[in-house]
Amino acid sequence: ESVSDYISVLLKAYLTLNKKGITFRASQQEELNALHDVVSTYVSLITDAFESNQAEIVTKAHSQGESITHHVKRLRDEHLECMSEEKIDPSLTMSYIGILNAYRKIKDHLQNVAEAMAGGKLNRPR
C-alpha cells in the first residue's frame with residue numbers, strides 16, 4: 001500500500017508540472033527515466049522473490065537498494081548544484097526533489113519487505 005502511495009506521488013508531480021506547462025531538461029528527464037528503470041527492476045526483484053518465497057533475496061536487495069540510494073543522492077546533489085548556478089522554477093525543483101524522494105521511499109518499503117521475508121536478520125548500517 002505504501003509503495004502505491006508513492007507511485008501516486010510520482011504521478012501527481014508530473015501532472016502538476018504538466019498543468020503548469022513546466023518540463024524537465026532533457027538530461028534531467030533521461031536521469032529520471034534511468035532511475036525509474038532501476039527502481040522498476042528492484043520492484044520486480046522483490047516481487048518475484050516474494051512470490052517464490054526466496055528469503056535469501058535480502059542480501060541482493062540490500063546491495064541494490066544501496067545503489068538506488070546513492071543514485072538518488074547524486075541526482076539531488078546535481079540538481080542543488082544547478083540551482084546555485086542558474087534560476088530554476090521552484091515548482092520544478094519541488095517536483096524533482098519529490099520524485100527523487102518517492103523513488104527512494106519505494107526502495108525503502110521494498111527493502112523492508114525483503115528484510116521481513118528473511119526474518120529481519122539483516123544487520124545493516126544505520
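A word on terms comes first: a helix here is a DSSP run of H or I with at least four residues, and helices are numbered from the N terminus. Please bear in mind that this is a predicted model.

With that naming in place, I begin with Lys-107, which is found in helix α4. Is this lysine buried or exposed? The cut-off for buried is under 20% relative accessible area. Lys-107 has a relative accessible area of 5%, so it counts as buried. Leaving aside residues up to four places away in sequence, Lys-107 touches Tyr-42, Gly-65, Ile-68 and Thr-69.

I turn now to helix α1, residues 2-20. Which residues of α1 are buried? They are Leu-10, Ala-13 and Leu-17. Viewed down the axis of α1, the buried residues fall within an arc of 60 degrees, and therefore they line one face of the helix. The buried residues of α1 pack against α4, which covers residues 90-117. On the face turned away from that buried side, α1 carries the exposed residues Leu-11, Lys-12, Asn-18 and Lys-19. After the helix comes Gly-21, with a positive phi near 75 degrees.

Let me move to the aromatic residues. How many aromatic pairs does a search of the whole structure find? The search finds two. One of them joins Tyr-14 and Phe-24 edge-to-face, with 5.9 Å from centre to centre and 85 degrees between the planes. This pair links distant parts of the chain, as Tyr-14 lies in helix α1 and Phe-24 in the loop between α1 and α2, 10 residues apart. Tyr-14 is partly exposed, at a relative accessible area of 30%, whereas Phe-24 is buried, at 9%.

Phe-24 also pairs with Tyr-96: the ring centres are 5.5 Å apart and the planes stand at 65 degrees, so this pair is edge-to-face. Here Phe-24 in the loop is linked to Tyr-96 in helix α4, 72 residues apart. Tyr-96 is buried, with a relative accessible area of 3%. Taken together, Tyr-14, Phe-24 and Tyr-96 form one aromatic cluster.

Thank you for your attention.

Note on methods
Residues numbered from 1 in each chain as written. Predicted model: local features only at pLDDT ≥ 70, side-chain atom pairs only at ≥ 80, totals over all residues. Heavy atoms only, no water. Helix = DSSP H or I, 4+ residues; strand = E, 2+ residues; numbered from the N terminus. Expected span 1.5 Å × (residues − 1). Buried < 20%, exposed > 50% of the residue type's maximum accessible area, 1.4 Å probe, protein only. Arc of directions from axis to C-beta. Contact = heavy atoms within 4.5 Å. Phe/Tyr/Trp six-rings, centres within 6.5 Å; stacked < 30°, edge-to-face > 60°.
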